[in-house]
Amino acid sequence: MLSGRKRSSTVWVLFERWLPKIVVSPLFAASLFFVYGFIAWTVYISFTRSGVMPNYELAGLSQYVRLWSTPRWYVALTNLFIFTSLFIVFCTGIGIMLAILLDQRIRIEGAIRTIYLYPMALSFIVTGTAWKWILNPGLGIERLAHTLGFMNFHFDWLVNPDMAIYTVVIAGVWQSSGYVMALFLAGLRSVDDEIIRAAAIDGAGPLRTYAGIILPIVRPMFLSSFIILAHLAIKSFDLVIALTGGGPGYATDMPATFMYSFAFQRSELGTAAASAVMMLVTILAIIVPYLYSELREAKR
Amino acid sequence: MSILNRLLAATALAAMIVPGTAYAGGTVEVLHWWTSGGEAKAVGELKKAFEAQGGKWIDSPIAGGGGDAAMTALRARVMAGNPPAAVQLKGPGIQEWAKQGALNDVQDVASKENWDSVLPPVLAAIMKYEGKYVAAPVNIHRVDWIWANPQVLAKVGITEMPKTWDEFNADAEKLKAAGITPLAHGGQPWQDATIFEDVVLGVGGAAFYRKAIVELDQGALTSDTMIRSFDQLRKLRGDVDPNFSGRDWNLATAMVMKGEAAFQIMGDWAKGEFLAAGKKPGVDFLCSPTPGGAFNLNSDSFTFFKVKGADRLEGQKVLASLIMSPGFQETFNLAKGSIPARTDVKLDKFDSCALKSQADLVAAIKSDSLVPSMAHEMAVPRTVRGEFLDLVTNFFNSDMTSAEAVKQLAAGVKRAQMQ
């Protein structure tokens, strides 16, 4: 009887010790399988001649050769470069500016903050569709200017293959800069008032205070917003699909839309997998150094 | 025994019998993406006809992405070993799946009903794998149509539809001088490719089209004829309004209807838009083939996948026979705006454009000028088609020269063929 109770209590202790692991393990197994398992599968497929259906016979690097000899892939990469750099620069710039302006303890700050943050609550599909109408020369801004009497006004970026990628930047920045603002506003508010007052006593103007003191203090914010914006940019798909559909022609194609069209519209699973692996490698090139520096700091 | 009792007994009996008992006409599951307007109505006709024969119809409509979503679902179903009995699948896509060993043939039905004698040979060849029918066509769409608004044409004194591309260009100049957009067009890759292949057909003729676009002969792809085709395409680029990018084809059709533009080059599904708006062929809109004197063919078909079990095999056969029956071909195509795939169906209820389509089809079979459409997945595998679409749409939206275009096109086709 006594020993029985003792045994059950040891079982209980064991159970308690293992409970978190038991609870977490299905999730762990699921993500191991559904994320890393499928990453491995995609990498494998990229080395085969898979067409409409997966084909497990290895064929070396032929899909990568094909990918890198396709002009459309270069268009996608150029667009990714243009979009990512402009998207990050403008989002960060506008975000910081808005945050600093809001940081001046103005009235109805809450309402204004909400207004700027609201685009983030929309999906990229909604943003893309709305901007498609706004930027369409026959419906939106250009038409408006014409009806107001400015007949020479021209704004046809959306249908101009050389400029269309910049419309994607405009819509993306509109959507995401409010988020960067919120991020930096939180950072600015966490800066100790004493420091700011000390700077004021030393005769630093507001510009000098922000550029020389406050922004360096909130430096980690730059890294976080960079990481968030960069991965948003690299996997951007829905915004392009809704805004331009990859067009005119394929002028606004991105690696993600390229991958989609090869896998699902053109029955070239192998080439699509190769392009997906290239995207993964690009993301790893950004994330790994970041994780490395984070983990090293945590250890210290 | 009262009627009520009898009814109850019958119901009870039926309830006992139904589980585990095959339907008289078998069971089919049909995967398709005809979910809007006339298309949904057309597939509803097929369902009704199948159920009238005592069969059980399981409908699997998967909308979205012009069939991309359905293809993704199909891939998963085939991998899991549980494919639907019939799939709305066309062109060389049929061969791709057949090569995977995923299809059933319905040759015994086809032999019994003598499909070979009623289908155009070009179309029959697409439906067969290793000499056996694995798919059944429901309709024939003609891709090389020019649609026009006669009131707009009358404004600038054009009384006849253009017969050559030179005539078309001359008409376009007149229209432009009068401030009217000559060509209503939507800048989507498949629409660009539709115009492109109609131009190639007009500039080079059916034999050249076949050599270049169906057989993918490198010499033909880089020939002067191909360069001239691109020159003509460049001219057409000047005939569209500045706001054409990404426009859907039916909005372009609406431009012709409203008189904002004079012509549209589009398959005969455009006719459905005109008819739905209450317009009359020959009065409110005109139809005439694009230059070339050929017939550019597009056809929807149902492809039969490898199902197991007597009940499902039976359903597949009944469906195949039903699709090819003259009665169904008539009702379906009246709803969809195309013409029957069988060339022996009476067209009493069809309009003048459909009659013209049918007459030209028969003539084209005789003169061997019937060609399959590349833009509509009838001529080449999707990989090659993708290269065509990329190049043509890039050409249409840039200032690439025709010489550069043929060079890139030939290289792209070669790349895709290596796959």
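1. In chain A, helix H7 (residues 164-189) and helix H10 (residues 219-234) have axes that come within 10 Å and cross at roughly 160°; axes here are lines fitted to C-alpha atoms, for helices over the stretch in contact, and angles run from 0 to 180 degrees between N-to-C directions. H7(A) and H10(A) are therefore roughly antiparallel to each other, given that angles under 35 degrees count as roughly parallel, over 145 as roughly antiparallel, 65 to 115 as roughly perpendicular and the rest as oblique. Helices (H or I, at least four residues) and strands (E, at least two) are DSSP runs, numbered from the N terminus.

2. This is a predicted model, in which local features need pLDDT of at least 70 and side-chain atom pairs count only at pLDDT 80 or more, while totals for chains, interfaces and linings use all residues. Residues are numbered from 1 along each chain as its sequence is written, and chains are lettered from A and ligands numbered from 1 in the order in which they are written.

3. On the H7(A) side of this helix pair, Ser176(A), Val180(A), Leu183(A), Phe184(A) and Gly187(A) meet Met221(A), Ser224(A), Ser225(A), Leu229(A) and Leu232(A) in H10(A), where residues are in contact if their C-beta atoms, placed from the backbone, lie within 7 Å. By class, this contact of H7(A) with H10(A) has 6 nonpolar, 4 polar and no charged residues; Ala, Val, Leu, Ile, Met, Phe, Trp, Tyr, Cys and Pro count as nonpolar, Asp, Glu, Lys and Arg as charged, and the others, Gly among them, as polar.

4. The domain assignment of chain A gives domain 1 (1-45) and domain 2 (64-299), with bounds that come from an automatic or database domain assignment. The centres of these two domains of chain A, taken over C-alpha atoms, are separated by 39 Å, and 4 residues of domain 1 are in contact with 6 residues of domain 2. The side of domain 1 of chain A that touches domain 2 has 3 nonpolar, 1 polar and no charged residues.

5. Between the chains, 28 residues of chain A are in contact with 24 residues of chain B. Helix H3 (71-102) and helix H12 (255-265) of chain A are the elements that give two or more residues to the side of chain A that touches chain B, and that side has 11 nonpolar, 11 polar and 6 charged residues.

6. Chain B holds an open sheet of 5 strands in the order S2-S1-S3-S13-S6, with mixed pairing; two strands pair if DSSP finds at least two bridges between them. Strand S2 (56-61) and strand S6 (135-137) of chain B stand at the edges with a single partner strand each, so one side of each is left without a neighbour in the sheet. The twist averages 20° from one strand to the next. Helix H15 (residues 310-323) of chain B packs on this sheet, touching S1, S3, S6 and strand S13 (301-304), and its direction makes about 60° with that of S1(B).

7. Another open sheet of chain B has 3 strands in the order S7-S12-S14, also with mixed pairing, and its edge strands are S7 (141-142) and S14 (370-372). S7(B) and strand S12 (residues 295-298) of chain B pair in the antiparallel sense over 2 bridges, with Arg142(B) opposite Leu297(B). Helix H17 (residues 352-366) of chain B lies across S7, S12 and S14, running at about 105° to S12(B).

Definitions and conventions: Two residues are in contact if their C-beta atoms, placed from the backbone, lie within 7 Å.
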